[in-house]
Amino acid sequence: MSVVVWIVEGTWPACVDAALTLVPGDADIVLLHVTPADVPGAAHGAFAGLLGRGHPERDPGTRMEHLAATSARQLLQAAANRLARPCTLTERTGRVEHEVVTAARDADLLILARDGDHTHLGPHSLGRAGRFVVDHAPCPVLLVWPEPAPGLTSLPSPPPDQG
């Protein structure tokens, strides 16, 4: 069995705990972190367009790329430490939701946490990236709450009768 666990700052402990609880001990586990490419790219562009002609060594986008890579490695290592099982650490950069779906192409299971409103049950508990991944994942998905799920009283009221 091959399992991809999407590691996102703030919600990763719930995903790792789900893997610990539900994934067989002999499974191949990949801990995946994706850094969005748009922030360093915007910094590169702003610098080149406004400030940086002739001084590439001052480009803040490069520094942002290095900081993002360091942060990703630290987050993945913390997740691996919590998992305390053999696993593969994978860092990717790009459009986050596309990178996650691509990384799960050969997986038997993808584990991710809700990335939207955590105070109510329902569709808004998924953000844009999470919804895309759930809708396009090429394998079964285990969707976990990053903290205890809200109660049933948080369900939206049913629509009024149309009769």
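**Entry 1: the sheet, from one edge**

I began with strand 2 and strand 3, which pair in the parallel sense over seven bridges. For pairing, I ask that DSSP finds at least two bridges between the two strands. Strands here are DSSP runs of E with at least two residues, helices are runs of H or I with at least four, and both are numbered from the N terminus. Across this pair, His-33 stands opposite Glu-91 in strand 3.

A note to myself on the source: this is a predicted model, where local features need pLDDT of at least 70, side-chain atom pairs count only at pLDDT 80 or more, and totals for chains, interfaces and linings use all residues. Residues are numbered from 1 along each chain as its sequence is written, and side-chain values use heavy atoms, with hydrogens and water left out.

**Entry 2: strand 1 and strand 2**

Next I looked up strand 1 (residues 2-6), which runs parallel to strand 2 (residues 28-36) and is joined to it by five bridges. I found Val-5 opposite Leu-31 in strand 2. Ser-2 has Asp-28 as its bridge partner in strand 2. I then followed the chain from strand 1 through helix 1 (residues 12-22) to strand 2, a right-handed β-α-β crossover. Right-handed means that, with the strands pointing away from the viewer, the path from the first strand over the helix to the second runs clockwise.

**Entry 3: the other end**

Strand 4 (residues 109-113) and strand 5 (residues 141-144) are also a parallel pair, with four bridges. Here I noted Ile-111 opposite Leu-142 in strand 5. Together with helix 5, these two strands make a right-handed β-α-β unit.

Which order do the strands take in the sheet? I read 3-2-1-4-5, in an open sheet of five strands with parallel pairing. Strand 3 (88-94) and strand 5 stand at the edges with a single partner strand each, so one side of each has no neighbour in the sheet.

**Entry 4: helix 4 against helix 5**

I finished with helix 4 (residues 96-103) and helix 5 (residues 128-136), whose axes come within 9 Å and cross at roughly 30 degrees. Axes are lines fitted to C-alpha atoms, for helices over the stretch in contact, and angles run from 0 to 180 degrees between N-to-C directions. That makes the two helices roughly parallel, a term for angles under 35 degrees. On the helix 4 side I listed Glu-97, His-98, Val-100 and Val-101, which meet Arg-128, Ala-129, Phe-132, Val-133 and His-136 in helix 5. Contact means heavy atoms within 4.5 Å.

Key:
Parallel < 35°, antiparallel > 145°, perpendicular 65-115°, else oblique.
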